[in-house]
Amino acid sequence: MKRSVAILALFVFPLLAQRQNFTINVGTPEGQQLQAIGQETDDAKKVALMEDFLSKYPKHEGAPWVAGQLETIYLNQKQYDKALDAADKAYTGGPNEVDLCYNAIKAAEGKGDAAQVGKWAQRAAETAQKVTSKPPANDDEKADVEHAKEVATYAEYAIYAAASKSREPKEIADLGESLAKVNPKSQYMWLVTPRYLASLGGKGCAEAGKLSGADAKNAEAFLFEADCSWRGARGDAAIASANKALEALNSRPKVEGGNEAGKMGTANFFIGAGNALQQRWGPANKALRTALPALKGEPTYEANALFNLGMANYSLGKAIGDKGQMREGLRYFEQAAAMKSNVQDQASRNVTVIKKELGIP
């Protein structure tokens, strides 16, 4: 059975319905109706036959196959609620239901129902795993394995896409949890991690530790941990997490929308800020200078980077009597004082003190 699907794209064509894996006994009324369903080419008549079959024989072994056929027609007609209802009737968790789950994801996406996306994406991953977990015996089975892998990847993407669109913290949290269950090492887990952890509020720091423990390539989880440590004034912990983030970013494959350069800048910010917490001004100055160009659009990080660069350059210059470097520190403080942040007031006071010390009006 040949199939194709454009995984990682925004538009994916509807797939074939699940296979018929039972024997039709035409000597029975239900068998005769199943035969009629299989032979009918008019969609409207076919839908009527299938709906009638499900109402009469909901426990028949052919009911899941009928419901899967019905789901495909409803999906093509954009009757998403009916497609999802048919999918629920058809789903048993068997390996032949990869396409059934995929079509249900598409119906949920069409409806804009994030909860249903998460539900069917998990089911798609579970059914796909049943296909991919055993070695294929022939070419058809090899094709089925590859197809199941594609559907599983799309399931991960679908969760990420739904979380990216959502503005509801509870919804984002549920979707992030779903993706962590489906595949904690997915590239889409990396992309959704910042929004997922932010949606958890006070529980985000602990969850970040779980994600980084499950996947050493999840740089975003390490960055969140670094942020938690920095805000808690734990300098060495912030530096350690930020270095792990850099290691992950430098060793993992690049992903579309990953903004690796920006994240490397953020990692260097935490390295610099962590050193500044311990007044290690040389390493702080080096890391923060590296970080600064990437911090535009992150006002809290940018303002604190400027403030700590002011502290580093003023302190380094004062230690060796280099007024030029002290003036450089002053310029950083002036920039920090011009930005609304937690360090704005202190930066303004530092500007006044340093100008007086250097004899600048």
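Predicted model: local features only at pLDDT ≥ 70, side-chain atom pairs only at ≥ 80, totals over all residues.
Student: Why are α16 and α17 called roughly antiparallel?

Tutor: Helix α16 (residues 323–337) and helix α17 (residues 344–358) pack at an angle of about 150 degrees. Angles over 145 degrees count as roughly antiparallel, so α16 and α17 get that name. Their axes are 8 Å apart, and the crossing is left-handed.

Student: Which residues make the contact between α16 and α17?

Tutor: On the α16 side they include Met326, Leu330 and Phe333, and on the α17 side Ala347, Val351 and Ile354 are among them.

Student: How do you know that the length of α13 agrees with what its 18 residues should span?

Tutor: Helix α13 covers residues 260–277, and at 1.5 Å a residue it should span 26 Å. Its end C-alpha atoms are 26 Å apart, so the two values agree. Glutamine 279, with a positive phi near 55 degrees, follows α13.

Student: What makes α13 mostly covered?

Tutor: A residue is buried when its relative accessible area is under 20%. In α13, 15 of the 18 residues are buried, hence "mostly covered".

Student: What makes up the largest nonpolar core?

Tutor: That core has 62 residues, and Phe53, Leu54, Val66, Leu70, Ile105 and Trp120 have the most contacts inside it. Helix α7 (residues 139–165) supplies the largest share, twelve residues. Apart from this core lies another of 40 residues, among them Ala245, Phe307, Phe333 and Val343.

Student: Which residues does tryptophan 120 touch?

Tutor: Leaving aside residues up to four places away in sequence, tryptophan 120 touches Leu84, Ala87, Asp88, Tyr91, Cys101, Ala104 and Ile105.

Methods
Residues numbered from 1 in each chain as written. Heavy atoms only, no water. Core = buried A, V, L, I, M, F, W, Y, C linked by side-chain atoms within 4.5 Å. Buried < 20%, exposed > 50% of the residue type's maximum accessible area, 1.4 Å probe, protein only. Helix = DSSP H or I, 4+ residues; strand = E, 2+ residues; numbered from the N terminus. Contact = heavy atoms within 4.5 Å. Expected span 1.5 Å × (residues − 1). Axes fitted to C-alpha atoms, helices over the stretch in contact; angles between N-to-C directions. Parallel < 35°, antiparallel > 145°, perpendicular 65-115°, else oblique. Left-handed = near helix turned anticlockwise from the far one by under 90°.
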